[in-house]
Amino acid sequence: MLLTDSRAFPAEPPADLDSPEAITAHDQSVFDATATMKNHWDRAGWSSERRALYWFLTFPDNSALIGAARACQDGLDGLGLDLVPAGGLHVTVVRIGESADTPPEVLAELVRRVGQLGLKRFEIAAHPLAGSQGAVRFTLAPWRPLVRLHAALAACGQEAGVPGGRQTSSFRPHLSIAYNPSIRPAQPIIDQVSRLREIPPIPLEITGVDLVELRREAREYRWEVLHRLELQ
């Protein structure tokens, strides 16, 4: 279901999408081999006026996840990272498209099609701690239910005619807790992250998926929930 993609991080998917041990070891080893951190915010096309549509997983009431994120963020103090606030913790599942390019009737058709799927609830866990070239993040495991969710939502998007984003084969699920705002050596961040890996995994029950309109304010993501689909 997943293929090597140089645009993704990690470029190579883990060998086993069902094994938390394999997934966390893979994420951590790839991050630990990173030489240079990039500026997460240096992304072409983003401005204060831009609005984009996504399917997100959000966790506004998960006190265990919020507490673990705060504990890890405290352990990253002094690195100059942009910390994700409690209300900003999310998993990006599928990009739908730019708001300006997605007419309301097309969005309504997308919601209708997704609502007919009868998507089921599932459980995963957030495992401390790894990262990418632009962020520090929890590893999510297992991947298979997340990949299936991506594939189902992306297929509905194609059927409804939304602009869409990357294919499921490039999907790499994760949950960022801090963004890196500059180009710099990765090793100091890797060293701090490696000390935070003894925090136990945080169980996450996925009971719904949110269709959001995303915007960027300074060095923070904010969004409005346009529709929440409860999973069965």
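Strand E9 (202–206) gives the most to the lining of the second largest pocket, with three residues. Welcome to a quick tour of this predicted model, in which local features need pLDDT of at least 70, side-chain atom pairs count only at pLDDT 80 or more, and totals for chains, interfaces and linings use all residues. Residues are numbered from 1 along each chain as its sequence is written, and side-chain values use heavy atoms, leaving out hydrogens and water.

**Second largest pocket**

- This pocket holds about 190 Å³ of space; a pocket here is an open set of points on a 1 Å grid over the protein atoms alone, where a 1.4 Å probe fits, with protein on both sides within 12 Å along at least five of seven lines.
- Its lining residues (those with an atom within 4 Å of a point) include Leu57, Phe59, Asp61, Leu204, Ile206 and Arg228.
- E2 and E9 each supply at least two residues of this lining; strands are DSSP runs of E with at least two residues, and helices are runs of H or I with at least four, numbered from the N terminus.
- By class, the lining has five nonpolar, four polar and three charged residues; Asp, Glu, Lys and Arg count as charged, Ala, Val, Leu, Ile, Met, Phe, Trp, Tyr, Cys and Pro as nonpolar, and the others, Gly among them, as polar.

**Largest pocket**

- The volume is about 1,500 Å³, taken as the space filled by probe spheres set on the grid points.
- Of its 50 lining residues, Arg7, Arg43, Thr92, Arg166 and His174 are the closest to the centre.
- Helix H4 (144–160) brings the largest share of the lining, seven residues.
- The lining counts 23 nonpolar, 18 polar and nine charged residues.

**The sheet**

- Five strands make an open antiparallel sheet, ordered E3-E7-E6-E5-E9; two strands pair if DSSP finds at least two bridges between them.
- E3 (82–83) and E9 are the edge strands with a single partner each, so one side of each has no neighbour in the sheet.
- E9 pairs with E5 (residues 122–131) over five bridges, in the antiparallel sense, and alanine 125 faces proline 203 of E9.

**Helix packing**

- H3 (residues 104–115) packs against H4 at about 135°, with the axes 9 Å apart; axes are lines fitted to C-alpha atoms over the stretch in contact, and angles run from 0 to 180 degrees between N-to-C directions.
- That angle makes H3 oblique to H4, as under 35 degrees is roughly parallel, over 145 roughly antiparallel, 65 to 115 roughly perpendicular and the rest oblique.
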